[in-house]
Amino acid sequence: MDDHDVQIRNHIYRRFVELGRAPTFTELKDELGDGVEPALRRLHDAHALVLESDRTEIRMANPFSAVPTPYRVEAGGGSWYGNCAWDAFGIPAALHVEGHVSSACPDCGEPIEIDICDERPVPDEHVFHVAVPAAHWWDDIVFT
Amino acid sequence: MNLFRSEEHVGRWLDQNGYEAGETISAGKLAKLAHAWWSDRLAPGWQPHTRDQNQAILDRHGLTGSFWQLP
């Protein structure tokens with residue numbers, strides 16, 4: 001991953017924020033040229049983003065998810081999905097705004113609604129469980 | 001990496017799905033951790049975190065021990 005790859009990565013993140021979804025491979029090729037395809041693969045291999053199994057479309061530009069998840073986030077007038085609870089809390093942090101996370105308890109299905117204000121959850125009464133040890137987070141990042 | 005209503009709900013979900021327990025922290029700690037981990041993600045001068053930078057973030061939030069050791 002060289003400086004040019006980082007520029008492509010930064011463009012993808014900007015577009016993700018602007019669009020409220022991942023830019024498609026076709027859009028990226030139009031905007032950045034044919035060199036985007038190998039750059040995407042290098043960024044994927046460097047864990048700077050995650051591609052779908054077809055190795056062209058984006059699955060994750062962490063903390064943003066390209067596919068719907070149980071973690072919906074509203075922040076700064078836009079809305080996105082986080083890949084997990086950690087990422088959902090990370091979207092307002094990345095945008096440097098307050099936000100709101102909507103989810104549901106995986107055990108009982110009870111809705112979970114949390115505001116993120118000044119790096120604090122409101123209400124602060126829920127817990128966050130990490131199933132996979134940190135050494136193995138990238139073994140299967142979609143499961144993690 | 002999920003949010004639950006309480007540790008009791010975590011335990012029940014683990015039992016029902018046959019998963020081994022991992023680590024549980026408060027949503028308050030998660031919010032601080034998420035800010036430290038993600039707040040530079042949209043910075044124009046973003047550079048990838050090194051493994052040691054990420055480990056330092058975990059350590060700073062009291063997430064130490066073998067479970068939290070990055071590869």
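Q: Say two residues are in contact if their C-beta atoms, placed from the backbone, lie within 7 Å. How many residues does the contact take from chain B, and how many from chain A?
A: This is a predicted model, and in it the contact takes 37 residues from chain B and 40 residues from chain A. On the chain B side, E1, helix H1 (7-17), E2 and H2 each supply at least two residues. H2(B) gives the largest share, 9 residues.

Q: What makes up the side of chain B that touches chain A, sorted by class?
A: Sort those residues and you get 21 nonpolar, 10 polar and 6 charged.

Q: What makes E9(A) and E1(B) count as a pair?
A: Two strands pair if there are at least two bridges between them. E9(A), residues 127-130, and E1(B) have 3 bridges, so they pass that cut-off. Their pairing is antiparallel, and His129(A) faces Asn2(B) across it.

Q: And what makes E9(A) and E2(B) a pair?
A: Here you find 4 bridges, again in the antiparallel sense. With at least two needed, they count as paired too. His129(A) turns up here as well, standing opposite Thr24(B).

Q: Why are E1 and E2 of chain B said to stand at the edges?
A: Picture the open sheet of 3 strands, in the order E1(B)-E9(A)-E2(B). Strand E1 (2-4) and strand E2 (23-26) of chain B each have a single partner strand, so one side of each has no neighbour in the sheet. From one strand to the next, the twist averages 30°. Helix H2 of chain B, residues 27-38, lies across these strands and runs at about 90° to E2(B).

Q: What makes the side chains along E4(A) alternate?
A: Val73(A) and Ala75(A) point to one face, while Arg72(A) and Glu74(A) point to the other. A residue is buried if 20 or more other C-beta atoms lie within 10 Å of its own.

Q: Which strands pair with E4(A)?
A: E5(A), residues 78-82, pairs with E4(A) in the antiparallel sense over 4 bridges, with Tyr81(A) as the bridge partner of Arg72(A). E4(A) and E5(A) form a hairpin with 2 residues between them, and Gly76(A) in the turn has a positive phi of about 55°. E6(A), residues 99-104, is also joined to E4(A) by 4 bridges and runs antiparallel to E4(A). There, Val73(A) stands opposite Val101(A).

Q: What domains does chain A have, and how many residues of each are in contact?
A: The domain assignment gives domain 1 (3-61) and domain 2 (63-144). Their C-alpha centres lie 22 Å apart, and 10 residues of domain 1 are in contact with 10 residues of domain 2. On the domain 1 side, strand E2 (residues 58-61) of chain A gives the most, with 4 residues.

Terms used:
Residues numbered from 1 in each chain as written. Chains lettered and ligands numbered in written order. Predicted model: local features only at pLDDT ≥ 70, side-chain atom pairs only at ≥ 80, totals over all residues. Axes fitted to C-alpha atoms, helices over the stretch in contact; angles between N-to-C directions. Buried ≥ 20, exposed ≤ 12 C-beta atoms within 10 Å, placed from the backbone. Nonpolar A, V, L, I, M, F, W, Y, C, P; charged D, E, K, R; others polar. Domains from an automatic or database assignment.
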